[in-house]
Amino acid sequence: MSAKPSEKQHFVFTGWHMLIIMLLFFGTVISVNVTMAWNAVTSWSGLVVQNTYVASQQFNGKAEAAKARAASGIVGKLQIDGTTIEYIVSHPQRGAIDTDAVTLNFRRPVGERQDFSLNMEKKSSNTFIAQHELAAGDWIVEATAVKNGAIIVHEGTRIDIAGGVR
């Protein structure tokens with residue numbers, strides 16, 4: 001017997017329909033998870049703390065100290081020429097700032113294998129120098145300048161050494 005044109009045919013939900021719905025649902029969930037995981041891995045800065053609780057407790061104090069240093073206007077300038085690394089401490093209006101010591105910490109954005117620190121040699125009252133060959137690639141340079149036991153400059157700079165030492 002065939003259906004008459006006036007009769008409505010009802011949709012029959014089969015196992016194939018359920019399979020398609022399940023594949024679409026889980027395919028969407030899995031693709032979103034893979035995308036988020038890929039974004040997390042490729043955008044990670046590499047910054048790590050030993051103890052997150054202690055770091056969170058120290059954050060406000062460090063933020064206030066950083067604001068005070070920024071308000072002083074004292075800045076450092078990193079210059080790299082071949083294997084010569086130079087760091088100059090100055091103030092935009094007052095010029096050269098007498099400094100006791102400068103330490104530079106070189107870190108790779110991801111990984112710790114090539115990280116190293118340099119205690120700079122004093123060249124003049126505000127200029128410090130060191131010799132070190134830098135491998136090609138991205139580096140995060142953390143500079144700390146000290147005067148009379150107090151930190152007067154603490155800043156981070158991201159640099160790129162392209163094609164070897166420049």
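Guide: A residue is called buried under 20% relative accessible area, exposed over 50% and partly exposed in between (1.4 Å probe, protein chains only). This is a predicted model, in which local features need pLDDT of at least 70 and side-chain atom pairs pLDDT 80 or more, whereas totals for chains, interfaces and linings use all residues. Residues are numbered from 1 along each chain as its sequence is written, and side-chain values use heavy atoms, without hydrogens and water.

Visitor: Is Lys122 buried, exposed or partly exposed?
Guide: Lys122 belongs to strand 6, strands being DSSP runs of E with at least two residues and helices runs of H or I with at least four, numbered from the N terminus. Because its relative accessible area is 39%, Lys122 is partly exposed.

Visitor: Which residues are linked with Lys122 in a network of salt bridges?
Guide: A salt bridge places a side-chain nitrogen of Lys or Arg within 4 Å of a carboxyl oxygen of Asp or Glu. Lys122 forms one with Asp98, with the closest N and O atoms 3.8 Å apart. Asp98 also meets Lys147 in a salt bridge, at 2.7 Å from N to O. Besides Lys122, the network holds Asp98, Asp100 and Lys147.

Visitor: How many residues apart in sequence are the parts that Asp98 and Lys122 tie together?
Guide: Asp98 lies in the loop between strand 3 (95–96) and strand 4, while Lys122 lies in strand 6. The pair therefore joins parts of the chain whose separation in sequence is 24 residues.

Visitor: What is the distance between the closest N and O atoms of Glu86 and Lys123?
Guide: Glu86 in strand 2 and Lys123 in the loop between strand 6 (121–122) and strand 7 are 37 residues apart. Glu86 counts as buried because its relative accessibility is 14%, whereas Lys123, at 53%, is exposed. The two form a salt bridge, and their closest N and O atoms are separated by 3.2 Å.

Visitor: How many salt bridges does a search of the whole structure find?
Guide: Those between Glu86 and Lys123 and between Lys147 and Asp98 have been described. Over the whole structure, the number found is six.

Visitor: Which residues touch the most other members of the largest nonpolar core?
Guide: Such a core joins buried Ala, Val, Leu, Ile, Met, Phe, Trp, Tyr and Cys residues through side-chain atoms within 4.5 Å. The largest one has 22 residues, and the elements giving it two or more residues include strand 2 (84–91), strand 4 (101–107) and strand 9. Those that touch the most other members are Tyr87, Val89, Val102, Leu104, Phe106, Met120 and Leu134.

Visitor: How far apart in space are the C-alpha atoms of Ile161 and Leu134?
Guide: Ile161 is found in strand 9 (residues 150–161), and its 2% relative accessibility is why it counts as buried. In sequence, Ile161 and Leu134 are 27 residues apart, but from C-alpha to C-alpha the separation is 7.4 Å.

Visitor: At which residue does helix 2 bend?
Guide: Helix 2 comprises residues 52–72, and just after it Gly73 takes a positive phi of about 85 degrees. A bend is the angle between axes fitted to the seven residues ending at a residue and the seven starting there. In helix 2 the bend is about 40 degrees, and its position is Phe59.

Conventions: The expected span of a helix is 1.5 Å times one less than its number of residues.
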